[in-house]
Amino acid sequence: MTYKKINTITGWVVFVVAAFVYLSTIEPTASFWDCGEYIATAYKLEVGHPPGAPLFNLIGRFFTLFSDQHGAARMVNSMSALCSAFTILFLFWSITAFAKKIALKAGEINNDKIWVIMASGIVGSLAYTFSDSFWFSAVEGEVYAMSSFFTAIVFWAILKWDELADEPHSLRWIILIAYLVGLSIGVHLLNLLAIPAIVFVYYFRRYEFTRKGFIITAFIAVFTLGIVQAGIIPGIVKWAANFELFFVNFLGLPFNSGTIFYFLILIGLSVWGLWYTHKHNKTVLNTGILAITMLLIGYSSFFTLVIRSQANTPMDENNPENAINMLAYLTREQYGDWPIVYGQYYNAPLDQSQPYKDGNPVYTKDKRAGKYVITQDKKNSIPNYDSRFNTLFPRMYSDQRNHVSGYKDWGDVKGTPVSYTDYNGESKTVMKPTFGENLTYFFRYQIGHMYARYFMWNFAGRQNDIQGHGGVLKGNWVSGVKPLDALRLGPQENITSSLSSNKGYNRFYFLPLVLGLVGMFFHFKKDKSDGFVVFLLFFLTGLAIVIYLNQTPYQPRERDYAYVGSFYAFAIWIGLGVYALADLFSKKISFKGSTLLAFVIGMLAAPVIMAKDGWDDHDRSHRYTARDFAANYLNSCAPNAILFTNGDNDTFPLWYAQEVEGIRTDVRVVNLSLSNTDWYIEQLRRKAYDSDPLPLSLTEDQYRQGTRDYLPVYYNPSIIKDSTKYYNIKQIMEFVGSEDPKAKIQTQGGMDLSYLPTEKIAIPVDKNAVISNGTVSKDKEDQILTEIPWKITKRYIMKNDLMIMDIIANNNWKRPIYFAVTVGDDAYLNLEPYFQLEGLAYRLVPMNMRSSDGQTGKVNTALMFENMMNKFKWGGMGEKDIYMDENNLRMTMNLRNNFSRLADALILEGKKEEAKKVMERCMTEMPRRNVPYNYFMLPLAETYFKLEMNKEGNELLKSIADIYEEDLNYYLRFSGKLSESIDTEKQQAMAVLQRTAQVARIYKQEELAKQLDERLKKFGI
């Protein structure tokens, strides 16, 4: 067979292997984080979070056509798996392209060379197949798998052009690349980072290397990337917005007329430019215009977002239904901005000569006026910092309290004193970080922790799947070479079972890393230009992203998925490492024998060991937890309820459950993070499926962005005559919504703000209504309050807090109101004394519900028993051995706590048989093999003793003690600074051990108590 046929067939075989791996390990339903949202937006072509992924939605929708609603998630996940398998295919062909060029430098391609080229491609592509970060994205419905596919095919296409550059019409590959880049924008912008590497491939193929040519090409490469990312992508929409404003506001034409005219001009100019350059034989200019045109055609997938937004779909984030809204959506304005090249340190004061600068005004479509009106003039809206606190390359810029703490820890910040005068004219001194400390933070945290750690996860090994923030016990890279690992992470001999049994404990012994480094040096030795191209891809999709993102400490999740392009480039070198070994061995044995030996070593050193250790923590088959937990939230609510949520993981899975699987569409999920935006509040006023519009008294003008975003809680004696009285919530809302100057206070900047005139608010209660609609049962009629005295303890409230108040004020107890148990105390607004626990949500009830156990709310045993025992599903945890990662395990803590609280409440009511059933269900549905024991099991052990199930209680208490005794023995083997770094863990382990002994004594388990006391004595406790 010819080289071409062998290369093609081998590539497809590798594709089949990768496809089998990914399709075998995909999650059969939605995953946590953004996956639920992406699957929902694909299933019904809705509008997700900025900057959108319209092409992902379109292709995802195509895949869902082959299944019903219950299989839609599996189909979208399968799409990711297949995109990932195609990524592996094009990686294989890219590796063989580089290997072939190396082989050709030594003469003609013969059979021996063909097999070493194939061996290189197989090992490198399969190593990436089983790499930690890429495999993670390959088995879920997120954009990163498809984004990786576009990076792979674009990079392969430029190598294909390189091979065929001397043939007629080879420029068609450049045009194809432009189109693919345009398409990729509709998935994720990461693909754009391949552009500079593409430019250099073109340069090395067409020109002889010179230092001047290299520098000019570098400039062109960066300029091209900048033009596409910062020019064409936002610029096309920005000009459309400008035309729209001019046509509507100045010419008085209908909405969208300017946008239509603009795109007609754009299309006309493209057509004319192509005709003119073709007629006058201007080949370079014609190719340039054609490339830009194809890029724009690919980019045009974003029109679907505008079209679907105009249909007012239930999920319509940021409402990008016109060019002006679309610009804000595309540029991610809601997420704010951050300095990259020049900016402030975290403790920079404002420049008192000009504290704020003007921003661009925000326009909103006003249908009544027939034009776009300025809703935020943005005057004095951009902080202007004291220039003495500004620096080049600012890495420590956020003034958020936990970020500042992280900066100081990672940067070892001592600072230098700088004095300034504040707005009151007082002199103050702060310790400004030095530039050296700024760089220390950059290298230790942003490079070391947020990139190099992830890189080593993939090619050296991983300690566990627990998110780490710098401690030695969580989320570090580990190699398996114990003496080396011990230098950073403490003793590695006889580590605890809680560490060794974690499925994320993967040890590769540096083998893939070493093979990749061998391949890198070999590549540069044999072909410097190609080596540089791969290095450029490696750098731009790795460290360049680190520089651009400028990440703050304490990220909400691990971010390794952002750097898979860099790991892709390294996998090329892993493949070429096989060629390097074969070349080395050929000096001693035949080339055929050296190829076979290198292939075997390469397979064992990378794909085999990576697959062996990585399979168990990437196999999500049989796991339905995200969907079932979401359904459990919804099924915790009474019919037609309003459910307040807050984070991604208690919102996106719920959206998926409702939008795709049609679960409890009568419940209106209200995300409090999004409730700070006017577009989201407006959507809450619409009917969605079986949920009626939410009752809101504030009008669109009153909650528009820039209006009532922030309301001080300010006691005004001229308005509130009696400071001890609680005032009707409707009166307060009328006051807040008033434009009367008396209902405003002036800020130091001269702005008039609405405010809360009192912290004491009364929520009136209609006793007949709350009994008739089931909020309170008839037998508790005497406990119903005439009004709820509600005290706001914050110094100010945000727009989302105001929305909670508005809904409560106008609901009049008609619809049940719930808060998810995961929302957090700050969002409860001090309403906890009136919370009733019914499952994974607290219901607001007009009764005193303070709990005697110090936990939030009282348990309604009848409702909670029905929900948890008959309605809840458990994601497969009790059926098979499934992989439970940190997000899943975090959810099980809430579930175990709820089981314990329900059982205890039933015991207090004398319903011990029901309590026993609850305990049995808890242990059955969340078995230890899938959900490891921890200190959250202590209340369950106590519940066993209350039920006089002493055998079960003793076994559980002993198991908990065994875990923490083993942990403590391990911690006490640490020394020096490593020992100091785990003081919190040591203290926790000691506290849990002490508590086990206390519980044994409290419930008169004297023999066990004696045993536990003996254990404590060993530690001097």
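Here are a few friendly notes on strand pairing and salt bridges in this predicted model.

1. β17 (residues 760–764) pairs with β18 in the antiparallel sense over five bridges, and I763 has I788 of β18 as its bridge partner.

2. A hairpin is worth a look too. Strands β3 (residues 362–366) and β4 (residues 371–376) are antiparallel and joined by five bridges; Y363 finds its bridge partner in I374 of β4. Four residues lie between the strands, and G370 in this hairpin has a positive phi near 70 degrees.

3. Now to the charged side chains: the whole structure holds 49 salt bridges. One of them links K612 and D613 at 2.7 Å, N to O. K612 is exposed at 60% relative accessible area, whereas D613 is buried at 9%. In another, K778 and E781 have their closest N and O atoms 3.2 Å apart; K778 is exposed at 57% and E781 is partly exposed at 26%.

4. E942 and R995 also form a salt bridge, at 3.0 Å from N to O. E942 sits in helix α35 (residues 938–946) and R995 in helix α38 (residues 983–1002), so this pair ties together parts 53 residues apart in sequence. E942 is buried, with 14% relative accessibility, while R995 is partly exposed at 28%.

5. Finally, salt bridges with shared partners connect K101, D162, D166, R205, R206 and D530 into one network.

Technical notes: Residues numbered from 1 in each chain as written. Predicted model: local features only at pLDDT ≥ 70, side-chain atom pairs only at ≥ 80, totals over all residues. Heavy atoms only, no water. Pairing = 2+ DSSP bridges. Helix = DSSP H or I, 4+ residues; strand = E, 2+ residues; numbered from the N terminus. Salt bridge = Lys/Arg side-chain N within 4 Å of Asp/Glu carboxyl O. Buried < 20%, exposed > 50% of the residue type's maximum accessible area, 1.4 Å probe, protein only.
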